[in-house]
Amino acid sequence: MLLRVCPSSFFYLRPLHLFSTTSKFPFCSSLQRDLRLSPSRSSSFRRMESSPASSSSSSPTPVTSSAAADSLAKDLQNQTLGDVDGSVKVKRKLEDFNWDHSFVKELPGDPRSDVISREVLHACYSKVSPSVQVDDPQLVAWSESVAELLDLDPKEFERPDFSLMLAGAKPLPGAMPYAQCYGGHQFGMWAGQLGDGRAITLGEVLNSKDERWELQLKGAGKTPYSRFADGLAVLRSSIREFLCSETMHCLGIPTTRALCLLTTGQDVTRDMFYDGNPKEEPGAIVCRVSQSFLRFGSYQIHASRGKEDLDIVRKLADYAIKHHFPHIESMDRSDSLSFKTGDEDDSVVDLTSNKYAAWVVEIAERTATLIARWQGVGFTHGVLNTDNMSILGQTIDYGPFGFLDAFDPSYTPNTTDLPGRRYCFANQPDIGLWNIAQFSKTLAVAQLINEKEANYAMERYGDKFMDEYQAIMSKKLGLSKYNKEVISKLLNNMAVDKVDYTNFFRLLANVKANPNTPEAELLKPLKAVLLDIGKERKEAWIKWMRSYIQEVGGSEISDEERKARMDSVNPRYILRNYMCQSAIDAAEQGDFSEVNNLIRLMKRPYEEQPGMEKYARLPPAWAYRPGVCMLSCSS
């Protein structure tokens, strides 16, 4: 089977405007290429309808409705409890959770229950209980909104044994814990079996709205997938995961959630910089929550093991569609979801005739939407291996992540990624496509989709990403329509002058669309972020500002309305790495007040919050020291 992919096995999907050929900074030449999904030929997509007029459309209707494809974050953000009118709210105790355990019941499991590190064959999971040693575990932080998703009574956080149960030291009634088996490509190389080496899923809770939520303890002890590790987690990385997962949710970006963060009372040995200097750090556990923790690698591992395990790929796909993509099961040919992907007579892809094709296309679209939203807020994941890619299009596995401070497209927060910067900010769209290609290949190997369907999924990724990215950037600038030249020149200026990404867009909303603004006044709204620029650079910014004012001035939207719209998409506050580190430094001394300050702050990242202005300031000099702006995978 031949997928139309770049022979270098790397996809340069970056919008051309991110870099111009006149850029004065040393990025690789690939960053100047146009969107390139299929080097063999360009493709045109035409929806095949009975009406001749509609068949000439140059852009297909997405596989699912726009609501299904685009609203995952909104759906998660707007979860409510009880009846439609809000008159009744279900409040459950931990003992009253409505467990389902469909994953364990419907999929093949490991016949062994020990935690000896080994290759686990022909199984999607291994039953294993938490084994972390605790000494007076303490509840550090919790999320009331996640508790609502689970119908959990907030009073449960106050019970004396809550920390014991959520640390895994005391069995949670009804739970059926297991660790998932999966593999993955790490930094572009197949790594074989990986699996949940320190995460143990307790099971699935069905809430009063019949929504399925998996509870998972990260740092709960060894599993068969721990290899040479101890299965534990430290407070440092656990604070970062808790804060960032809840921050991303409040930013409106699809993500796994976190119910609570606990300390174990035991120290854990970690070599943070992999430099031969390990030290003792406080141990911790995060209770993660998601509708599913299935990853691309959950399917890859079984396809990699030959014919005997290919049926497991199908079973896993059927499971995911049944429980997490049920609308795909109900599609029929009357939906007319057929697309033409080329000039050949046999180049039609009919998604209603193959649910697996419809499924992979939706995953591709969700992934594209997710990464476009990352680019919009300046988020860099840092470890976009295929085992860290959710089939739900959620941000998952918060390791050495980072939000942009100064705009640097080559920024990577991961010290392990430094040699090639494979996972840097600007490369994320490309890596998303590369990962989709690996996932599509997996389904093709299992004979669930064919070559045309695999290529169509990648093409849909490209279209969806560009549509989403252009819409996001237009909204960030307050433009009524996408203007490639304006955005291209802006991003180049920002990169040259290392302009703060978050603060710039927030301040840009204060610009008045007055073409008669004196030259001396043009840059005043941006004074706080345009620091130490010389005469030549100042002239470049003035020139750009005039073009920007001309563009927004052509709209009938008032300055006030444009500012309100821009403020609703450009956060006032983001979770900068130095803010996390300040909270970590205090927490390691037993003071968790800063953790809770950041939780409160990030509940409303788009709003002005009196008294919290210090969190919007430019990072201090110490923010750029090792271990703050860049981190290792050690956690």
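**Exercise 1. Confidence**

What pLDDT does the protein chain average, and what share of the residues score at least 70?

*Solution.* The model is predicted. Start with the average: the pLDDT of the protein chain is 87. Then take the share: 83% of the residues score at least 70. Next, look at residues 5-85, where the pLDDT is below 50. Beyond near neighbours in sequence, that stretch has 186 contacts in the model. Where pLDDT is low, predicted coordinates should not be read in detail.

**Exercise 2. The chain as a whole**

State how many helices and strands the protein chain has, and what percentage of its residues is buried.

*Solution.* Count the elements: 19 helices and 14 strands. Turn to burial: of the 635 residues, 59% are buried. Finish with the contacts that have a separation of 6 or more: 74% of them join residues 24 or more positions apart.

**Exercise 3. Packing of α13 and α16**

Determine how helices α13 and α16 are oriented to each other, and list the residues that meet.

*Solution.* Locate the helices: α13 covers residues 484-497 and α16 covers residues 535-553. Their axes come within 10 Å and cross at roughly 155°. Angles over 145 degrees count as roughly antiparallel, so α13 and α16 are roughly antiparallel to each other. The crossing is left-handed. Now list the contact. From α13 come V486, K489, L490, N493, M494, V496 and D497. They meet R537, A540, W541, W544, S547 and Y548 of α16. By class, the contact holds eight nonpolar, two polar and three charged residues.

**Exercise 4. Packing of α10 and α11**

Repeat the analysis for α10 and α11, giving angle and axis distance, handedness and residue classes.

*Solution.* Begin with the geometry: the angle is about 165°, and the axes are 10 Å apart. The angle cut-off is again over 145 degrees, so α10 and α11 too are roughly antiparallel to each other. Their crossing is right-handed. On the α10 side, the residues are W359, V360, I363, A364, T367, I371, W374 and Q375. On the α11 side, they are Q428, P429, G432, I436, F439, S440 and L443. The classes are ten nonpolar, five polar and no charged.

**Exercise 5. The cover of α14**

How many of the eight residues of helix α14 are buried, and what covers them?

*Solution.* Helix α14 runs over residues 501-508, and seven of its eight residues are buried. Name them: Y501, T502, N503, F504, F505, R506 and L508. Then trace the cover, which includes α10 (355-377), α12 (451-477), α13, α16 and α17 (559-567).

**Exercise 6. Positive phi**

Where do R421 and Q447 lie, and how exposed are R421 and Q447?

*Solution.* Take R421. Its phi is positive, about 50°, although R421 is not a glycine. R421 sits in the loop between β14 (402-403) and α11 (428-445). With 30% relative accessibility, R421 is partly exposed. Take Q447. Its phi is also positive, about 60°, and Q447 is not a glycine. Q447 sits in the loop between α11 and α12. With 68% relative accessibility, Q447 is exposed.

Methods. Residues numbered from 1 in each chain as written. Predicted model: local features only at pLDDT ≥ 70, side-chain atom pairs only at ≥ 80, totals over all residues. Heavy atoms only, no water. Axes fitted to C-alpha atoms, helices over the stretch in contact; angles between N-to-C directions. Helix = DSSP H or I, 4+ residues; strand = E, 2+ residues; numbered from the N terminus. Parallel < 35°, antiparallel > 145°, perpendicular 65-115°, else oblique. Left-handed = near helix turned anticlockwise from the far one by under 90°. Contact = heavy atoms within 4.5 Å. Nonpolar A, V, L, I, M, F, W, Y, C, P; charged D, E, K, R; others polar. pLDDT = per-residue confidence, 0-100. Buried < 20%, exposed > 50% of the residue type's maximum accessible area, 1.4 Å probe, protein only.
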